[in-house]
Each structure stands twice: as C-alpha cells, then as structure tokens.
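Hi there,

Here is the structure I promised to pass on to you. Please have a look at it first; my notes on what turned up follow just below.

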Amino acid sequence: MRLKTFSLYDRYSVELMSTTVVEEQNGTTVIRRTTGYHPPRSWRTWLIGRPLPTADAPHQTIGKAIGLAVFASDALSSTAYATQEILVILAAAGAMAFGYAFPISLAIVALLAIVTISYEQTIHAYPNGGGAYIVARDNLGELPAKMAGAALLTDYILTVAVSVSSGVAQIVSAYPGLFPYRVHLSVGLVLFVMLVNLRGVRESGAVFAVPTYFFLTMMALTVGLGLFRYITDSLGSVVDPPPLEIAHTAQGISLFLILHAFSSGTTALTGVEAISNGVTAFREPRSRNAGITLLWMSAILGILFLSITFLAVQIGAVPSETETVISQLARTAFAGRGIFYLGTIAATTIILIMATNTSFNGFPRLSALLAIDGFLPRQLAYRGSRLVYSRGIVALALVASLLIVFFQASVTALIPLYAIGVFLSFTLSQIGMARRWWKIGHLAAGQEVQERGSILHAEPGWIVKMVSNGFGAICTAVVMLIFAVTKFRDGAWVVLVLMPVLVVVFSAIHHHYQDLARRLSLERYSEPPNILRHRVIMPISGVHRGTLTALHYARVLSDDVTAVHVSIDPAETEKVRAKWEMWGEGVRLVILESPYRLLLEPLLEYIEEIAAQRQPNEVITIVVPQFVPRRWWHNLLHTQTAMLLRLALLFKPGIVITDVPYQVE
C-alpha cells in the first residue's frame with residue numbers, strides 16, 4: 001500500500017482545511033480527509049451549547065460525586081413517596097394499620113440489599129453498561145433480552161411521569177392554590193429537564209449536583225432532628241393533619257393488604273439498576289467508580305427510607321393528595337412552616353424533578369443499545385451535537401408528558417403502573433447473572449470466552465455468586481408477582497399488556513432490518529445487467545427556464561426523451577404546446593387529457609403503461625423539473641407539483657426519479 005499526503009490541495013484542486021491522505025491498495029484509491037467545517041453559531045448553540053467533536057467524548061465522563069447526582073436521583077427521590085404509598089394502602093384498614101409500615105419497610109430494605117449486591121456484580125462483569133438488557137441478551141437469549149428492554153424502557157418513562165408529578169405534589173402541598181395547574185407545571189418541568197440533558201451528561205450532572213446534595217442535607221437535618229425529638233420525647237404528632245383518604249374499599253388487616261402495601265413500597269427500589277445501565281458515563285476505572293457509587297446510593301436510600309417511615313408512623317402522618325407525608329413530617333420536625341420547612345419542601349421537589357434525570361440518562365443509552373441490535377429505529381443510536389443520544393431524550397420527554405396529561409399528574413393513579421417493569425428487569429438480570437456464573441464454573445483454568453458484552457474466565461467462588469443471584473431472582477420474581485396481582489385492578493394490567501406489545505414491536509423492527517439486510521446483501525450477487533436502453537419521461541406543467549434546464553439534463557441522460565403534460569385547461573394546454581414547439585428542441589410532447597381535472601392519476605397511469613412495456617435491461621427515469629423560490633415561505637404560495645410527483649412515484653418499482661431544481665434569482 002502506498003500513502004501520499006496533501007496539505008493544501010488534492011489532485012482535484014479542492015481546497016482543504018486539513019491533511020488529506022491517499023491510500024492505494026489492490027488498484028483501489030481511497031482518499032481520507034478530515035473536514036475543516038465547524039458548525040456555525042445558531043439558536044441551538046444558545047439553547048443547548050456549542051457542538052462537541054467526537055474526540056471530546058472521554059472528557060464528558062463523570063466521577064463518583066457527580067455520578068451520584070446523575071444516576072442516583074431516581075432512587076433517592078423515591079423516599080419522598082414510597083412511605084406515603086405504603087400508608088395509602090394500609091389506610092383501607094384504618095389508621096391502626098399504620099403500625100405495619102415500618103416492618104414492611106424493613107423487608108423492602110432487605111430486598112434492596114439483595115438487588116444491590118446483584119447489580120454490583122453486573123457492573124464489574126459488564127463494564128460497557130447495558131444492565132439487565134445486556135445480561136439477558138448474552139446469557140438468556142433474544143426473547144428475554146427484548147422483555148428486559150421493554151420492561152426498562154417502560155420503567156424509565158413511568159419514572160419521569162411519577163417523579164415530576166410527585167414533585168409538583170410537593171409544591172401544591174405548600175401552595176394549594178396551584179392545584180388546578182399541576183398538569184401544566186409537570187409538563188413544563190419535563191421539558192426543562194429535557195433541555196438540560198440535551199446539553200450533555202457532564203453539564204447536566206454539574207447543574208444537578210448541588211440540588212442533590214442540598215436534598216441530602218435537608219433530609220438529614222429533617223430526619224436527624226425528628227429522631228432527636230423522638231428520643232427526647234418532644235416530637236409530638238402532626239398538627240391539623242389532612243383528612244384520611246381511603247383510596248380502596250375499607251377492609252380488615254389481611255395478608256393480601258400487607259402484600260399490597262409491600263408492593264407499593266417497593267417503588268423505593270426503582271432506579272437501583274440505572275448505574276449498571278450507564279457505566280460508560282463514569283471515568284476510568286469506570287467499573288470501580290460505578291460500583292462505589294451504587295453502594296453509596298443504596299446505603300443512603302435504605303437509611304432515609306427506614307427513618308422517614310419510622311417517623312411518619314410516630315407522628316401520625318396521614319396519606320393525602322393535598323399534603324404529602326414529607327410535608328407533614330417536615331412541619332412536625334421543625335414545629336411549623338418556617339424557613340427549614342420550606343427548604344425541605346424545596347429540596348424534595350427539586351430531587352423529585354431531578355429523578356427524571358436518571359431516566360434521561362438511562363433511557364437514551366438503553367434505546368441506543370436496542371437500536372444497535374436492530375430492535376428500535378437506527379436513528380436512536382446516533383449521538384447528537386453534545387455527544388448525547390438526543391433523539392432518545394426528546395422521545396422520552398414526549399411520551400412521559402403524554403402520560404402526565406392522561407393521568408392528570410396524579411401520583412396515586414400512576415403508581416400502579418410503576419415498578420412491575422423494573423422488577424421484571426431485576427429478575428431477568430439476576431437469572432442471567434446466575435447463568436453467567438454457571439458458564440464460568442464450567443470453564444477450564446486459564447480458558448477465556450469472548451461474548452458480545454463481556455469476557456468469561458474462570459473465577460473462584462462462582463458457586464456462592466450463582467446461588468446469591470439465584471436467590472435474588474426468586475425474591476424479585478415473587479415481588480413482581482405480588483405487584484401484578486395486588487395492583488392488577490388499579491391499572492397494572494396496562495403495563496402487563498404494554499410490555500408484550502413492545503416486545504412484538506421490537507420483533508417487527510428487527511425482522512424489517514434483517515429482511516432489508518438480506519435483500520441488500522452482496523453475497524451470491526452477480527453483477528447487475530448492462531443497461532441497453534435508457535428512456536426518460538419529463539412531466540411538465542408549463543414551459544419556463546426551469547423546464548428548459550431539466551430538458552437539457554434529460555437529453556444528457558438519453559436521446560429518448562418524452563415530455564408529458566396533463567391537460568386540465570384547454571387554453572393553458574394550447575399555450576404549453578405553442579411554447580414547446582418553440583423551445584422544446586424537437587423533443588416529443590405527449591398531452592394527457594384529464595376530463596375530471598386530475599393531475600397525478602393520468603400521469604401515473606401513463607407511466608405504469610410505459611413501465612409495463614419496458615424491455616429487458618431498460619431503465620426508465622422520471623426527470624421532474626422544480627423551481628426553487630428565493631425564500632422558503634414562498635413555497636407556500638405554489639402547488640409543489642414536483643414534490644407531489646416525487647412522493648407518488650417514489651414507490652413505483654423499476655423507475656428512477658430525479659429532481660432538477662432551478663433556483664430563481
């Protein structure tokens with residue numbers, strides 16, 4: 001192979017802004033150029049920042065402190081509503097049943113520990129991210145992978161809807177007059193978080209880091225003061241609590257009720273998987289940094305959740321749509337609605353809104369992986385100008401906003417849809433990890449097996465890890481079934497229907513890409529036949545400069561050119577015929593009479609007739625003249641015949657369509 005370098009001009013005298021390398025190998029010349037083009041400043045620059053080159057990708061990674069803000073906000077924010085959702089269910093048996101809330105929260109934290117251990121192993125086993133989807137794909141097969149992908153995408157969408165609605169509920173608790181505007185506020189906040197995330201992972205992390213740690217500080221202060229006052233017997237109970245709202249039919253305390261409350265409280269675990277999906281966002285050593293961040297997050301989540309539930313029961317907090325449990329706890333701990341109360345409400349509202357940031361990081365990354373594997377549109381795999389998956393971010397915002405509008409930003413109405421997906425992904429991930437340890441246990445010493453997402457090699461202690469993941473899978477599967485049964489009537493059936501539908505959609509998209517690849521494959525492909533005849537048809541609506549430009553182009557393609565005019569107005573047709581005799585350069589003109597004043601149908605009928613008579617190795621090209629006005633809005637003043645013809649002819653097999661634009665000066 002020979003290499004040649006050109007610094008200013010290449011052999012075709014094209015001015016370059018950077019070095020060009022010409023490679024010659026096996027008789028083929030390959031020219032490599034690095035473009036010198038820089039995107040200009042525009043309104044997008046002001047809105048989301050200047051475009052970043054691909055080389056900046058390593059510099060857009062984040063450390064543990066920022067990672068906690070980016071990926072843990074969803075899990076941490078669930079402490080703001082998980083306790084309330086437990087109490088909402090227990091309220092059906094009366095306030096006396098609230099005493100079961102703390103034991104239920106202990107069981108949930110135990111489940112959190114099991115899931116955390118599993119995902120910490122996943123992070124180190126799959127350093128390129130992907131979480132449950134990649135684990136299921138590599139160890140369980142295509143169908144479980146699609147199920148995991150559908151479950152996680154559903155969970156990310158619901159996270160945005162639930163978290164923002166809950167955040168707005170905190171605002172409404174402090175300012176009840178805003179209750180009629182909760183839907184508008186929710187949608188506006190979703191769009192705001194979308195814009196921040198379009199600016200990039202590092203920038204969004206920097207924006208959200210301060211509020212995250214502000215929330216942790218305020219909650220530590222609230223819980224700490226509450227526990228201190230409880231120990232010193234000065235805590236008291238909620239003053240003027242809201243009326244008890246029973247969301248379900250009154251009933252006695254039963255195992256079903258306890259399990260129902262438990263399933264509602266497990267929403268506290270949503271978001272635990274997010275770090276395993278976004279390992280690539282962390283700085284090197286990314287697996288270690290991501291794993292430590294996961295442990296930090298789980299520890300903080302467990303402590304806050306237990307403390308809030310314990311104190312809520314002690315002060316007699318009442319679940320209500322008009323005032324949240326957090327609001328009641330804060331005004332009891334701080335003895336009123338002073339500055340610290342408002343700070344707690346503000347911090348909780350912000351973290352709930354920021355919880356959407358976890359989804360805005362996880363959803364685009366997961367949808368990109370699915371797109372790369374051919375289960376979602378390929379466009380979702382492309383990074384935007386700020387090195388984030390912009391299309392996935394926008395898609396998430398739109399779907400979540402529609403959910404908020406449909407359910408009127410009600411947390412209680414949205415919660416039943418929540419968590420089934422995430423527990424299905426938990427289960428598939430842990431089954432996949434158990435399967436992975438089993439495969440590792442059957443490798444010989446020193447043997448390595450390369451899989452798509454990781455490298456398998458013999459490891460000691462694989463039996464313990466396999467049993468640990470297997471036990472975790474059983475636990476999360478049981479919780480998923482409890483959730484599905486207890487929440488089925490409340491709306492969980494929607495998710496149970498939606499996820500199979502998504503799996504079918506994934507399969508349909510994948511089938512399309514596979515079929516297209518097969519049809520475009522060069523394997524067993526002979527050379528295309530030589531073109532023996534080239535016929536050109538040129539539709540014209542009038543004779544003008546643009547028509548003549550297209551005619552000259554058509555005559556370069558072939559000597560066999562036919563102009564076609566559809567006659568709607570006889571007088572106008574006569575003018576076209578007269579002008580064509582003068583300017584048509586002897587090219588034949590076919591006039592199609594259209595008694596019903598149709599334009600496209602007679603033309604398409606004529607083209608189909610010509611195509612039916614086509615000879616072997618004959619190509620028919622439709623040359624469409626199109627004049628381009630000076631300003632874009634001038635197009636609104638014209639019928640856009642060329643565009644209509646192009647759209648109508650695009651799907652006609654065996655026909656080539658060529659536009660010949662004429663710019664009007």
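Val536 sits opposite Val561 of strand 7. Please keep in mind that this is a predicted model. The two strands involved, strand 6 (residues 533-539) and strand 7, run parallel and are joined by five bridges. Between them comes helix 20 (residues 545-557), and strand 6, helix 20 and strand 7 together form a right-handed β-α-β unit.

Strand 7 also pairs with strand 8 (residues 588-593), again in the parallel sense, this time over six bridges. Here His565 has Ile591 of strand 8 as its bridge partner. To get from strand 7 to strand 8, the chain passes through helix 21 (residues 570-583), and this β-α-β crossover is right-handed.

How many of the eight residues of strand 7 (residues 560-567) are buried? Eight of the eight are, so to speak, under cover. In a regular strand, side chains alternate between the two faces of the sheet. In strand 7, Asp560, Thr562, Val564 and Val566 lie on one side, with Val561, Ala563, His565 and Ser567 on the other, and all of them are buried.

Trp493 counts as partly exposed because its relative accessibility is 44%. Trp493 belongs to a nonpolar surface patch of about 640 Å², made together with Phe488, Val494, Leu496, Val497, Leu498, Val501 and Val505.

Enjoy exploring, and write back with any questions!

Best wishes

Note on methods. Residues numbered from 1 in each chain as written. Predicted model: local features only at pLDDT ≥ 70, side-chain atom pairs only at ≥ 80, totals over all residues. Heavy atoms only, no water. Patch = residues over 30% accessible without salt bridge, like charges linked within 9 Å, V, L, I, M, F, W, Y side chains within 5 Å. Areas by Shrake-Rupley, 256 points an atom, 1.4 Å probe, with all protein chains shown as cover. Salt bridge = Lys/Arg side-chain N within 4 Å of Asp/Glu carboxyl O. Buried < 20%, exposed > 50% of the residue type's maximum accessible area, 1.4 Å probe, protein only. Helix = DSSP H or I, 4+ residues; strand = E, 2+ residues; numbered from the N terminus. Pairing = 2+ DSSP bridges. Right-handed = clockwise from strand over helix to strand, strands pointing away.
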